[in-house]
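Student: I'd like to go through this complex with you before I set anything up. Can we start with how the chains meet and then move on to other features?

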Amino acid sequence: MRAVDALMECLKAEGVEVVFGLPGGANLPTYDAFYDAGIRHILVRHEAGGGHAAEGYAKATGKVGVALGTSGPGATNLVTPICDAMMDSVPVVFLTGQVRTELLGTDGFQEADTIGITMPIVKHSMMIQHPLELPRAIHEAFHIARTGRPGPVVVDIPTDLSRADIPYEPITDVHLPGYQPTTDGNQKQIRLAAKALANARRPVIYAGGGAVGAAAELRELATSDRLPVTCTVMGLGSFPASHPQWLGMLGMHGTRTANYAMDEADLIVAIGARFDDRVTAKLSEFAPHAKFIHIDIDPAEISKNVPAHIPIVGYASNILPRLTTEYRALKPDPARLEEWWHRIESWRARYPLAYSDSDDSEIKPQYMVQALFEATEGNAIVASDVGQHQMWAAQHYHFDRPRQWINSGGLGTMGFGLPAAMGAKVGRPEETVVCITGDGSFQMNTQELATCAQNGIDVKVFVMNNGYLGMVRQWQELFWDRRYSQVHTGQYPDFVKLAEAYGATGVRLTDKHTLVEGMRQALATDGPVVVDVRVSAEENVYPMIAPGQAARDMVG
Amino acid sequence: MGEPGTKELLSLEELEAAGSFRTGRKHILSILVENKPGALTRITGLFARRGFNIDTLAVGPTDDETISRITLTLDGAVQSIDQVTKQLHKLINVLKIRDLEPTETMARELALFKISADGGSRAEVMQVCEIFRAKIVDVSKRTLVAEVTGTQEKIDAFERLVRPFGLVEMARTGEIAIARGRAET
C-alpha cells in the first residue's frame, strides 16, 4: 500500500479519532488517504488554529492530539502551537508535509527546514528518510509524545516518500534505547518524604500541571490528613477549589493566603510543578523557611530553579499512592497542624479575593467571570486566552475537576483560547465548553469561528471586551507612569456582526443586572455563540506580586 | 536587577555581571549518540541555548556502527553543568553521557602545523619537532608540516615554540578522551 495509507493504519492503531489540519501541495498524498480512511478530519482555517485545537483536545481528554500542515508556511504556522505544547507539556503529534527529496535544500517552492526551525521547541522530531521508516516513526512519535513528560513530536514527511508503495505490517512494539523515562519513583525517597511530611508543622502541597493526571491520588494524599493545597495556573482543577483545604492559586496573581502560606511553610511538596518565575517571584526570597520534596517525571526539573531536599522522579500517579500509604503508616499527629491552620484561616478571613463592584450597571470583569460561573453552574470546561481575563478566570471560576481548565500557561499564547475550546469540545462533546477571551486575544485566531460554524462545534465564546490590551495596559499604568503606548484597541471590530458573518450567533451584553440571564440564554442557543461583554476599561488584576518583589510584599 | 517589565534603568555593568557565565573550570563530556540525522545539531544547539560555549568538539564512530561518540570540551559555567547534562539526557538520540574527571581520563588531540622553515631555520624547527615527537609529514622549499599528538597543553606548548619561526597555518582536531583503567567511558 502507499506509505500514506500505512500512515492511516498507524493512526488508527494509535486510537486516533480526530485530527485537525489544512492541506497543501506537499501533503496532497496524505489528504488523498484521509478521503476514505475513516478518520475524522477537521478542516481548520489556519494551521495555528489546528495546532491549538489539537492541544485543547489533548488537554481536555488526556489523549494525544494530532495536527497537520503542509510544508513551508504550513509548518511555520505550526511553530507557535508546537512551542506552546512544549512549554505546557501537551502530548501532540504534528505531521508536516515536506517538499520531495530531490528538492530538499534547494529553496524549492514552499520549502522550509521544518526540523531545523522546530528543533529547540520539540520533545522530539524526525524527518522521514525512507518510506519504510514511516510506520515505525509514527508509533515512536505517539509513544514519545504520550509517555514520560508529555510533549510535542514533529514528523516531517517528504511528499514523494509518502506516495511510495510499501509492504505494511502492523507494529506492536517501540524500541528506543535512548528514551527510558524513570516512572516508578524510588521507594527509599518516598519513605523519606513521608517522614518529612509527618514531621512538618507548616506543610503546603504545591501542585502544577503534572498533578492534573493524578488528581484522585493528590486528593487522597491531601485528605489523609489536613494538608493544605495550592495549585499553579497549570494545576487548577487537580484539587477541587471548593474543598476546605484549598488555598487558591499561588503566584503573581494568586491569593494572599496561598502565597503567604508558601512564604511561611516549613515543608513544600511540589508535585509536577517547575518553580516558574511567575510562581516564585524573587527567587532568593522564595519560601525561605521551607525544605522541598520535589515529585516530577522530568529529572531536569529537579533542582533547576530551587534545590530539592528530597527529589522523587516518576509519575505522580505512581508515587502519590505510595507516599500516602507510607505517610499513614507513620500515624502523624493531626493536632500538630492546628496552629498552621489557624494561621491560614486568619489570612483567608482577612484577604479574600475581592474587588469593588460598580454602583451602576457597569460590568466589572471579575463579576463577568462570577456570572459565567453561575450561569454554567461551575460545570463548564473553560478554555482561556492570555491576559487579564485569563487571570480573572483562574481566580474567580472555581475549578473542581481536572481537565476543566485549559489555558496557555508557559508560553502565554494569545489566540490559544478559541481553537483550544474547539478541540476540547470535539474531544468532550457531552460537556459545555466555553472560551473566556479578551478582545485582543480573540482576534488572533478568530477565523476558527468558521470551522466551528461549519462543523457544528458548539463552543460559547465570552469576550471580555475592555477595548485594551489589558495586561500590558495594567503594567504601563503601574510600572511605566501610565504612558499607554499602543495598547488601545477601541471597539473594533463589532464582534456581534463578526460572529454573524462567520455563521455563528452574536450577542452583546452590557448590563450587570441582566448578565447572568443573558449568559444563560447564550449557553442555551444552538451552535457557536460569541458574547461580546462590555466591561470596565481600566480595571487591574489584583492581588499582585510586583516584579522583583517577594510573595510577602503582595499589593492590592 | 529588576524584571525586564519594569521601568528601572539597567546599567551595562549589571547586564554584563548577570551574563558572565565563564569560570574557566574545564569539562570533558563524552556522549554516545545514535547515528541519526540531526543528532549532532540537537546536541550543539542545546549547549548554545543554555548559555554554554563549546571549546572543542570531536565526532567519530565507535565499535558499534549505529553509535557515534561525541567528545566535547567546555569552559564551564557559573551554574552547574548538571542542568545541561540532564537536558542532554532528554534528547531521544542520546544514549549515554559521561562528565569525565580530568585525573581519571586519557585525553588526546591531534594537530597539523604548517611552519615557515627555509634554509636558515629549518634545522632548528626540526629540532623542536623532535623534542615534541612531532612527525614531519610534508616538506616544501619554504615550509614544512608537522603532525603532533598529545594533550591540549602539549600542543599549546608546541605552538608557542614554533610560532616565532612563522606559523603559516594550523589545524587541530579537538580532544578525544577515554576513561583510564577498566571503567567504561
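**Interface, pocket and backbone**

Tutor: Chain B and chain A bury about 1900 Å² between them, and 58% of that area lies on carbon and sulfur atoms. Please keep in mind throughout that this is a predicted model.

Student: How many residues does the contact take from chain B and from chain A?

Tutor: Chain B puts 21 residues into the contact, while chain A puts in 26 residues.

Student: And which side chains meet in a salt bridge?

Tutor: The rule finds one salt bridge across the interface of chain B and chain A, and in it the side chain of A:Asp298 meets that of B:Lys90, at 2.5 Å from N to O. Besides that, the rule finds five residue pairs in polar contact across this interface, with both residues at pLDDT 80 or more.

Student: Switching to pockets, what volume does the second largest pocket have?

Tutor: The volume of the second largest pocket is about 480 Å³. Its lining has 23 residues, of which A:Met126, A:Met127, A:Glu133, B:Lys36 and B:Pro37 are the closest to the centre of the pocket.

Student: Which elements give two or more residues to that lining?

Tutor: They are helix H6 (114-118), strand E5 (124-127) and helix H7 (134-146), which belong to chain A. E5(A) provides the largest share of the lining, with four residues, and the residues of the lining as a whole divide into 10 nonpolar, seven polar and six charged.

Student: Now the backbone: where are the cis peptide bonds?

Tutor: One cis peptide bond joins A:Tyr492 and A:Pro493, with omega at about -10°, and A:Pro493 sits in the loop between helix H20 (470-479) and helix H21 (495-501) of chain A. The peptide bond from A:Tyr542 to A:Pro543 is also cis, with omega near -5°, and A:Pro543 is found in the segment after strand E18 (529-534) of chain A.

Student: What about A:Gln110, is its phi positive or negative?

Tutor: Phi of A:Gln110 is positive, near 55°, in a residue that is not glycine. A:Gln110 lies in the loop between strand E4 (92-98) and H6 of chain A.

Technical notes. Residues numbered from 1 in each chain as written. Chains lettered and ligands numbered in written order. Predicted model: local features only at pLDDT ≥ 70, side-chain atom pairs only at ≥ 80, totals over all residues. Heavy atoms only, no water. Contact = heavy atoms within 4.5 Å. Buried area = accessible area lost by both parts, 1.4 Å probe. Salt bridge = Lys/Arg side-chain N within 4 Å of Asp/Glu carboxyl O. Polar contact = N/O pair within 3.5 Å; in protein donor to acceptor, adjacent residues only side chain to side chain. 1 Å grid on protein atoms, 1.4 Å probe; cavity = no way out; pocket = protein on both sides within 12 Å on 5 of 7 lines; lining within 4 Å. Points joined across faces, edges and corners; volume = space filled by probe spheres on them. Nonpolar A, V, L, I, M, F, W, Y, C, P; charged D, E, K, R; others polar.
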